[in-house]
Amino acid sequence: MIHLIGLGGTGSYLLEPLVKLVTFHELGIGHKIICWDADKVEEHNLSRQYLPEDVNNFKGSNKIKQLKTLNSQIQFIPEYCNKNKLLKHLDKEASIVIATVDNFSSRNAFIEAIYKSSKNHIFISPGNGLYNGQCYSFYYKDKVLDGFDCLLLPEWNKPKDNIPRVNSCVVEAESTPQLISANFMSALTVLNNLQCLFDKGYFYAQSYFDVYENKLVSKDKVYLT
């Protein structure tokens with residue numbers, strides 16, 4: 001099972017190649033992909049998100065309908081994902097959780113769900129600003145973490161933002177400006193991790209990229225065997 005949480009700047013670019021990788025790679029075939037996002041498209045999204053959606057449609061809804069003709073194992077949940085919702089899925093089977101969100105409280109909640117689950121899971125979370133970014137990943141197997149401990153970061157361990165929810169009275173901060181190429185690079189970093197996982201049996205715990213320096217640096221391989 002693969003959970004793609006967030007279909008915004010990074011998630012919108014990752015969605016189609018992720019589905020194709022899972023559909024055609026021999027180790028990806030059979031993986032179900034669940035996509036989560038409760039946001040609807042607004043005018044300002046059109047400039048930096050890669051989904052053929054109309055304003056006021058759920059992000060990803062049209063694209064996922066198209067991709068279902070390629071792979072029927074895609075499910076779209078038009079809801080904000082939280083700890084309890086994710087945990088219900090994680091307790092059923094081992095999963096790869098890809099958190100393409102810009103919210104630290106949400107990331108923290110997803111990690112807590114993984115820690116509480118009875119199964120083994122991989123967590124991958126990219127993030128980027130205007131022109132650079134990073135991707136942190138770990139494998140939580142038999143209650144032991146192998147990879148980057150995201151909760152060592154203060155903003156992840158004690159987040160000051162709030163988990164978004166429909167009809168929330170919380171005023172959310174504006175998204176950080178990003179280059180189109182930075183969103184692409186963020187998605188590429190996740191895709192590269194999954195390609196390494198399927199081909200070589202490992203992924204990278206830490207990856208850092210800089211668009212202007214044309215650089216992607218990855219370190220600390222995490223092996224599943």
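**Entry 1. Ground rules.** I number residues from 1 along each chain as its sequence is written, and side-chain values use heavy atoms, with hydrogens and water left out. Since the model is predicted, local features need pLDDT of at least 70 and side-chain atom pairs count only at pLDDT 80 or more, while totals for chains, interfaces and linings use all residues.

**Entry 2. Salt bridges.** I looked up the salt bridges (a side-chain nitrogen of Lys or Arg within 4 Å of a carboxyl oxygen of Asp or Glu). Side chains of opposite charge can pair when their charged atoms come close. How many salt bridges does the rule give? The count comes to four.

I began with Glu16 and Lys63, whose side chains meet at 2.7 Å, N to O. This pair links distant parts of the chain, with Glu16 in helix H1 and Lys63 in helix H2 (residues 61-67), 47 residues apart. I take helices (H or I, at least four residues) and strands (E, at least two) as DSSP runs, numbered from the N terminus. Is Lys63 buried or exposed? Lys63 is buried, at a relative accessible area of 11%. Here buried means under 20% relative accessible area, exposed over 50%, and partly exposed in between (1.4 Å probe, protein chains only). I also noted a network of salt bridges that links Glu16, Lys20 and Lys63.

Next I found Lys83 and Glu112 in a salt bridge of 3.5 Å, N to O. Lys83 lies in helix H3 (residues 83-90) and Glu112 in helix H4 (residues 104-116), so this pair ties together parts 29 residues apart in sequence. Lys83 is partly exposed at 25% relative accessibility, and Glu112 is partly exposed at 34%.

I then checked Lys85 and Glu79, which meet at 3.3 Å, N to O. Lys85 counts as partly exposed at 29% relative accessibility, and Glu79 counts as partly exposed at 35%.

**Entry 3. Aromatic pairs.** I looked up aromatic pairs (rings of Phe, Tyr and Trp, the last by its six-membered ring, with centres within 6.5 Å; planes under 30 degrees apart are stacked, over 60 edge-to-face, the rest tilted). The count comes to 12 aromatic pairs. Tyr115 and Tyr140 form a tilted pair, 4.7 Å centre to centre with 40° between the planes. Tyr115 is in helix H4 and Tyr140 in strand E6, 25 residues apart, and the pair links distant parts of the chain. Tyr115 is partly exposed at 25% relative accessibility, whereas Tyr140 is buried at 10%. Both belong to one aromatic cluster, whose members also include Phe104, Phe123 and Trp156.

**Entry 4. Surface patches.** Patches are made of residues with over 30% relative accessible area and no salt bridge; like charges are joined within 9 Å, and nonpolar side chains (Val, Leu, Ile, Met, Phe, Trp, Tyr) within 5 Å. Accessible areas come from the Shrake-Rupley method with a 1.4 Å probe.

Which residues form the positive patch? Lys32, Lys68, Lys88 and Lys92 do. Lys and Arg count as positive, and I take the place of a Lys charge as NZ. I found Lys32 in the loop between helix H1 (9-24) and strand E2 (33-36), partly exposed at 31%.

Leu130, Tyr131 and Tyr212 make a nonpolar patch of about 310 Å². Leu130 sits in the loop between strand E5 (121-128) and strand E6 (132-141) and is partly exposed at 40% relative accessibility.
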